[in-house]
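Take a look at the model shown here. The report after it walks through a few of its parts.

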Amino acid sequence: MQGLVLKNLVTEFDNKEKIGPVSLTLDKGKMLSLLGGSGSGKTTTLRMIAGLAPVASGQILFEGNEISHLPPQKRGVGMVFQNFGLFPHMTVRDNITFGLRMAKKPADFINQKFEWIAEKTRLLELSDRYSSQLSGGQKQRVALARTLVMDPDILLLDEPLSNLDANLREDMGRFIRGLQQDLNITTVFVTHDQEEALMLADEVAVMDGGEVLQQGSPEDIYKRPINEGVARFIGGSNIISGKIDSSGEFVFSAGKLKSKINNNVQNHKVMLRSEDLKLMQLDDFEIGCNAFKGTIQEARFKGGYFEYRVQAGDEDLIIRHMGEEKFPVGADVSISVAEKDVWPLNLN
């Protein structure tokens, strides 16, 4: 079911700079990540949905109804800010119920709603604590509870994990994802972290220069980037330059590649993901199409795998090797890749 739709959304700043046009579609009850670097327009897009940044042109629709002309409080949108925004002089209970009390809801209703959301967010035992007594993860859960207790149709999260210690991010990410699925709430979150976006979202929209470069499933964005810009931003990929010969094979400085994918490439570049490249002893493999020689330049142990930097012709490749065999720096090796893992790219 169609939920949130942005149609050619544009905002303009006082200095005449603009963000947009931004067009996105998100099914109801799904989670979308706006992924991009600083200045890409992702947070401004979030603020336009919330009604906190003006819309110069375009539309915001939810379930077919336009909401871009409505004031923020009438959009059915709840936003959790990056710094949590908790009131330090209030307890967890008072922070969570603040909006309900401002709306003058009956005391029994407030208590019932608090018990419901505090149980969902595992905060019942912390009801009487102040924010100074909470960990970063607990503060994040309070900020979520305070927003969700108002029953928004759309949940917006601005860099939800950026203020947490590294060891808390994955746990909190799983918690947010589980809660979003449990409540079946349409959610958009902003992040600059590729791994975070791929782990949490049903859909990822990569943004740059105030526009969406590509929207798709995490797998689509990771394995099938629409152009070189998306491939480089997602990371973990090797971009190889070459040319197409008369037989349709991709020729580059270290050898030849054949792909099962026909992307009607104009600029003659291909993407090889680091984990799709296979390393073997040079004597164990015949060099040919989709197999070529390289020399180990650097080796780093990354926990579950070794990451090698390998010189192959003019190309400097990064390869994630999951096997038990270790290759010393300076060793000549063979590198192979399956045809299905050679992804042709365009520059733009």
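## A loop residue

Asp341 sits in the loop between strand S20 (332-336) and strand S21 (343-345). Strands are DSSP runs of E with at least two residues, helices are runs of H or I with at least four, and both are numbered from the N terminus. This is a predicted model, in which local features need pLDDT of at least 70, side-chain atom pairs count only at pLDDT 80 or more, and totals for chains, interfaces and linings use all residues. Residues are numbered from 1 along each chain as its sequence is written, and side-chain values use heavy atoms, with hydrogens and water left out.

Is Asp341 buried or exposed? Asp341 has a relative accessible area of 18%, so it is buried. Buried means under 20% relative accessible area, exposed means over 50%, and partly exposed is in between (1.4 Å probe, protein chains only). The side chain of Asp341 makes a polar contact with the side chain of Lys340, at 3.2 Å. A polar contact is a pair of N or O atoms within 3.5 Å; within protein, one must be able to donate a hydrogen and the other to accept it, and residues adjacent in sequence count only if both atoms are side-chain atoms. Leaving aside neighbours within four places in sequence, Asp341 is in contact (heavy atoms within 4.5 Å) with Met271, Leu272 and Asp276.

## Helix H1

Helix H1 spans residues 42-50 and holds Thr44. In H1, 7 of the 9 residues are buried, so the helix is largely enclosed by the rest of the structure. Among them are Leu46, Met48 and Ile49. After H1 comes Gly51, with a positive phi near 85°.

Thr44 counts as buried, at 17% relative accessibility. Beyond its neighbours within four places in sequence, Thr44 is in contact with Thr11, Phe13, Ile19 and Ala53.

## Helices H4 and H5

H4 (residues 136-148) and H5 (residues 166-183) pack at an angle of about 20°, with axes 11 Å apart. That makes H4 roughly parallel to H5, a label for angles under 35 degrees. Axes are lines fitted to C-alpha atoms, for helices over the stretch in contact, and angles run from 0 to 180 degrees between N-to-C directions.

Which residues meet? From H4 come Gly137, Gln140, Arg141, Leu144 and Leu148; from H5 come Leu168, Met172, Phe175, Ile176, Leu179 and Leu183.

## A strand residue

Gly255 lies in strand S14 (residues 255-257). Gly255 counts as partly exposed, at 22% relative accessibility. Gly255 and Glu12 are 243 residues apart in sequence and 49 Å apart in space, C-alpha to C-alpha.

Key:
Parallel < 35°, antiparallel > 145°, perpendicular 65-115°, else oblique.
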